[in-house]
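Reader: I am new to reading protein models, and I would like to learn how to go through one feature at a time. Could you take me through it slowly?

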Amino acid sequence: MALQPHHSGTFKPSTDPYFLGNPAPTDCTDPMSTAAEQLARSGDTLFVIAAGNSGRRLNSVSSPGCAPSVLTVGAVDRDDSTAYFSSPMATPHVAGAAAVVKQRHPDWTAQQIKAALVSSAKTSITGDVRETGGGRLDVMAAIDAKVIGAPAVQGGTFDWPQSGDDRTTVDIPYTNTSDRPVELDLAVQGVTGNDGTDVHSTVAKLGRSGVTVPAGATVKVPLALDPAAHLEPGQYGDITGRVLATADGVSVSTPFALYVQPETVTLRLKLVDRLGKPATGSSSLDVVSTDIATGERRFNEGATVQEYRLRPGSYLVSGFVVTPDAGEGTKLADSITYLGRPQLKLQKDTTVVLDARDAHRLRISTERPTEVRSGTLAFARSWDDTWLHAGTLSGGRTLRGYYASVEGAASDGDFEFGSYWRAATPLISELAVVGGETLHPVTASTGSVNLDGTGEAQLVDAKTGTPGELAAAGVQGKIALVRIADDQTYVLQQARNAKAAGAKAVLAYHSAPGRRQPLTSIGGGELPVLAVESAEATTLLDRLAGGEVTLRWKAAAKAPYAYNLAFPRGGGIDEDLTYEVNDERLGRTEATYHAMGVATDFIDFVGASRPIGTWVFLGLFDALPVPGTRTEFYTPGDTSWQRAISSSFPWGEAMVGRSRVYQAGEQRVESWYDGVIAPVAPRDADGKPLLTAERQGNLIGFAAAMWGDGTHHAEAGSFGDIGNLQLRRNGEQIGSSSYPFGVFEVPAEEASYELEQNTGKIGSPAKVWKRSAAVNTVWRFRSALDENVYSQAIPILFPRYGLPEVGLKTLPAADGQKITLTATGHAGYTPAALTDAKLSYSYDGGATWTEAAVSQHDGTWSATVDHAGASGKQVTLKAELTDARGNSVSRTVVRAYDVR
């Protein structure tokens, strides 16, 4: 734990932990900081407060830890480096250390105790004073301290421009608490600037190199400060260092700080949308100094101008603009625009206008007919081989335009802008009045509950879509035209009413002008729902007033193909760009998607990563009809692609694919949710299994992925995935966890162990999860402490079933069907050859079992199941596998598949 340097106050030898604070930037005048400072000054209690959870970045001490009179505590890791993790657990240790010092020196004041703790701290840890404060706590040194210094010395603030008249001195006090004089050697160490680099000028200098402190006395040593000394541009701001006083058995560290104001100029930024108005909505501005690696992001919120006071130097200026549809009361965005200046040299007061009207149109052109499902504009700026600043903005399928303008280049480091696209078969290629107008609808979802193929249906006016109005309109087999209140977008209830009345689809509209997207649910509703603008709805109503109206359509509810495209570039953008792609030059995957017993829509996520260090999501998600197949195209080159599929986002699991880079023309085959879904070892981005079970000393830990198929593992959902874990030693339970993972303390001696795990689904995710309803797994192995090995792998086997199932996980009602049996391991254990394999199946959830005939051929085990006459039955499987080293596993999967 590291002690921050700005402390004074009183001490009370009793401490109570309170976990409070605010990570937002503060000047320490907020109510919590003010109250903490007042209490620390007026009471008899020493307030020991955590610095916060923001790690080693600059100016990260949060409220109320910033209060000058409290003792603020950070944390270090096992390497004595400032920790990125939370410091609240370090704070009670420091409070306890203060109590120990008080106990040893009951006559010491609170000021002396604090001074002893800070000035005796070890300063050899990595990092400057702003990062490490006084140093790492050394309780014994504080107890035995013969000489005590000040917790910190503040040198003051010096406005720009600095001159020789600003030179001053501050006193560094030393108090000798022993009964003998102490001769101290003095040195200034570790003077660093605001950017963390070493200051080589004499901004701080001692008047002497040593001092003798008489017994029981206090001596003050002058420290000369010269704010006019030479500083590099990035060093202006906080200047910190420490004075180190040493003698035989004595080491006293006194942190000091001064603020040397940099020269500043004014930058005025105007962010304008494509309608010529100040940008609103999610429009944002980033201004980042590449000299000192600090910056700020602001949301424009309709501001005419944004003003910044900045030090001269190089800056990244970057903006995203969301332009709404034209007209009053519009609800949808028309376009998004990126406007970038990778390296703006700022030397004087400057005004920069980022105007979306000056940006250039970005488009894609695919070989097959497509519509853009989502688009993402992304930028990344790196410098000094250390820093990276990046951002993205995505638009959905209702967006009508993507634009970008990049002016200039980065001379220090790299800059990259890219557009990323998901495109697929058009959901609605045509919707028109038979013999009349073409309509321009927006669908409620991209899922399978949409109009499909070609067809015609009569349109009827169903008013507001109540059950009575739908019945009066006679919507059976027809399309219901439904008016939605202007302050509403959800059409879920009207769609349910229409479905109950037998309607073919709902065509919604609002009375107010402008485009609206109807909403049902994340994965789509229960009936096709589309919306048209009020002008088109008025035309339809006029036609209905004159007689019967029939609509025709051409649609594709299940896209047979999809494109995932990335177009990163390092240079400027000064013209319209159309990216044309040819299928033969793209990467290609033939993907098969299995369902968990229910035909539904899963949720599909796609991400792209770039060598510069950015990760880009291509929109939020897309609906994926299952079961089904799809041809998927990917931009080849150095963009790495990764997929995740969820059966019920956000509550259910997310099956994660490996990260892949495609070559032009490369073809792959991939299957998702195939076979019997059950716990597996998690995998890294390259698809390699990770460590799942290990022994460290007398602790055994286990953490498998709750679900997995043949090539993927799933991250557990937030509410739908449940499970538990028990560990038995020589038949006696010695530990349990209410989660399907855990860590257990075990004796050192060798013993036989059984690790039993249960997993299952509950709640709404279980509605689309009608296979692998519950899984019970028991692993058997032997283990003993090996004092010479830090991490001992536990020999865990994961059964894998080669199931000849089709998309809904069903097998035919026939005899003689083969199920292959294999076992996989994890990063710590590769199973030996299987020496025994058994498979049993049950039609009553495991009450009675039929043992399948098992055979082995060329090292491959297979079981034969007979399902003649079992149509409609639910099949529970139990596999028992043993490898050549004697490690075994027994797994029971309730409703692994059904017989069709």
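Author: What follows is a talk about aromatic rings, a cavity and some backbone angles. Residues are numbered from 1 along each chain as its sequence is written, and the model is a predicted one, in which local features need pLDDT of at least 70 and side-chain atom pairs count only at pLDDT 80 or more, while totals for chains, interfaces and linings use all residues. Side-chain values use heavy atoms, with hydrogens and water left out.

Reader: How many aromatic pairs does a search of the whole structure find?

Author: A pair of aromatic rings is described by the distance of the centres and the angle of the planes. Rings of Phe, Tyr and Trp (its six-membered ring) pair if their centres lie within 6.5 Å, and planes under 30 degrees apart count as stacked, over 60 as edge-to-face and the rest as tilted. By this rule the search of the whole structure finds 25 aromatic pairs. In one of them, the ring centres of Tyr338 and Phe379 are 5.3 Å apart and the planes meet at 20 degrees, so the pair is stacked. Because Tyr338 lies in strand S19 (residues 333-346) and Phe379 in strand S22 (residues 371-383), the pair ties together parts that are 41 residues apart in sequence. The strands named here are DSSP runs (E, at least two residues), numbered from the N terminus.

Reader: Are Tyr338 and Phe379 buried or exposed?

Author: Buried means under 20% relative accessible area, exposed means over 50%, and partly exposed is in between (1.4 Å probe, protein chains only). Tyr338 has 0% relative accessibility and so counts as buried, and Phe379, at 2%, counts as buried too. An edge-to-face case is the aromatic pair of Tyr561 and Tyr563, with 6.3 Å from centre to centre and 80 degrees between the planes. Tyr561 is buried at 10% relative accessibility, and Tyr563 is buried with a relative accessible area of 0%.

Reader: How many cavities of 30 Å³ or more does the structure hold?

Author: Rolling a probe the size of a water molecule over the atoms shows where empty space is left. On a 1 Å grid over the protein atoms alone, a cavity is a set of points where a 1.4 Å probe fits but cannot get out, and lining residues have an atom within 4 Å of a point. Grid points are joined across faces, edges and corners, and a volume is the space filled by probe spheres set on the points. The structure holds three cavities of 30 Å³ or more, and about 80 Å³ of space lies in the largest cavity.

Reader: Which residues line the largest cavity?

Author: Among them are Thr589, Tyr634, Trp641, Tyr662 and Trp672. Strand S40 (640-646) and strand S43 (667-672) are the elements that give two or more residues to this lining, and S40 gives the most, with three residues. Tyr662 is placed in the loop between strand S42 (660-661) and S43, and at 2% relative accessibility Tyr662 counts as buried. Not counting residues up to four places away in sequence, Tyr662 touches, among others, Thr589, Tyr634 and Trp641, where contact means heavy atoms within 4.5 Å.

Reader: What should I look for in the backbone angles?

Author: Most residues other than glycine have a negative phi, and most peptide bonds are trans. The peptide bond from Val626 to Pro627 is cis, with omega near -5 degrees, and Pro627 sits in the loop between strand S38 (622-626) and strand S39 (628-634). Another cis peptide bond joins Phe649 and Pro650, with omega about 5 degrees; Pro650 lies in the loop between S40 and strand S41 (654-656).

Reader: Where is Ala293 found?

Author: Ala293, whose phi is positive and near 55 degrees, is found in the loop between strand S15 (280-289) and strand S16 (294-299). At 23% relative accessibility, Ala293 counts as partly exposed. Arg895 also has a positive phi, near 55 degrees, and its place is in strand S62 (residues 888-899).

Conventions
Helices (H or I, at least four residues) and strands (E, at least two) are DSSP runs, numbered from the N terminus. On a 1 Å grid over the protein atoms alone, a cavity is a set of points where a 1.4 Å probe fits but cannot get out, and a pocket is an open set with protein on both sides within 12 Å along at least five of seven lines; lining residues have an atom within 4 Å of a point.
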